[in-house]
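Dear colleague,

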Amino acid sequence: MRAKKVLLFIFAAVLGLSLLSYARREIPVDGRLVLLDVLPMFGRKSIPVPTGEKRTAGETENADLPIERPARRRIAMNLQGKEIYTGQKIEQLRQIFGEPDRIEMGIYGLQWYIYHKDYSCFLMAAVSDGVVCGYYTNSAGFEIDGRAKADTCCGDWDPDIKLYRDKLDGDKVYAVFVVWEESKQSIDTTEREFLGIQARENFDVTNAFRVKKGLNPLLWDEIAAEAARLHAIDMGKKDYFSHISLDGRTPIDRYLRLCPVAWRAWGENISAGREFGIDHFDAWLNSEGHRENLLSDKFKYLGVGAAYCEESTYRYYFGQTFITY
């Protein structure tokens with residue numbers, strides 16, 4: 001009888017911890033907590049977002065021998081009839097895709113060529129030592145090595161190729177990310193300049209997805225971006241996570257404090273615990289309420305802001321402020 005009571009106590013304790021973990025909706029990733037979902041806001045209402053399937057950071061272990069892969073292997077992508085591949089010379093990249101609209105030092109400390117003039121064929125290409133060493137796109141019509149295609153379902157068949165999936169649309173592949181492991185550089189991801197670059201890339205991938213879904217791209221709004229950045233800083237410094245500031249201000253209150261306007265619609269997405277803008281976008285895309293903001297036809301402008309606070313729970317904080325006036 002005593003043994004049964006002990007077992008019941010252990011079971012209750014484990015169940016209690018499981019419920020606590022679920023309620024917090026966070027998991028440890030690379031030594032830091034990552035928030036799984038939050039409540040998006042638009043107008044003056046908040047929409048509850050179901051947690052759904054939890055994100056995991058583990059890898060499958062088995063007894064198979066590791067497959068030998070060349071460090072600088074050629075991974076080709078056809079993007080709407082245009083080819084890009086790792087190992088491609090910069091001159092060839094420029095000849096096929098033209099001059100980039102923006103060049104910046106971004107993910108993994110690499111130089112990224114950003115092609116966003118036509119969001120229907122959006123591309124980010126990583127360059128190192130005169131050749132392409134990686135790329136990202138979430139536009140329609142891409143195909144990787146003749147095996148993985150945009151807007152289709154397929155398994156994780158290559159550890160060197162990261163496929164992003166739309167869990168709210170049949171788990172279809174919506175984006176691809178490739179970077180040579182040996183090309184990755186150490187970079188301070190806490191600096192304001194880097195965070196600003198990630199905010200801009202988040203803005204671009206949001207517009208690429210909107211265009212893919214038949215919507216107009218949003219226009220960049222500097223006031224909205226600053227409102228989002230200041231709120232991200234505030235959440236980090238005061239270590240909380242909410243659309244409502246600790247002093248009671250709503251997203252539109254924060255915008256109007258910077259620039260009084262006669263607004264017609266507004267919305268906000270927030271996310272925490274991730275370094276890169278493309279990953280914050282992925283989290284929002286796969287959450288019903290946040291996705292509603294991303295794909296709303298009521299908004300005209302968007303600003304994205306990011307901040308880092310070492311002493312806070314999640315360290316990295318991102319926000320999107322949508323507005324129409």
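Which helix gives the most to the lining of the second largest pocket? The answer is α3, with five residues. This is a predicted model, in which local features need pLDDT of at least 70, side-chain atom pairs count only at pLDDT 80 or more, and totals for chains, interfaces and linings use all residues. Residues are numbered from 1 along each chain as its sequence is written, and side-chain values use heavy atoms, without hydrogens and water.

A pocket is an open set of points on a 1 Å grid over the protein atoms alone where a 1.4 Å probe fits, with protein on both sides within 12 Å along at least five of seven lines; lining residues have an atom within 4 Å of a point. Of its 13 lining residues, Gly196, Trp220, Glu222, Arg229 and Val304 are the closest to its centre. At least two lining residues come from each of α3 (192-212), α4 (222-238) and β17 (301-308); helices (H or I, at least four residues) and strands (E, at least two) are DSSP runs, numbered from the N terminus.

Helix α4 also packs with α5 (residues 251-258), at an angle of about 120° and with axes 9 Å apart. Axes are lines fitted to C-alpha atoms over the stretch in contact, and angles run from 0 to 180 degrees between N-to-C directions. In contact (heavy atoms within 4.5 Å), residues of α4 including Ile223, Leu230 and His231 meet Arg254, Tyr255 and Leu258 in α5.

With kind regards
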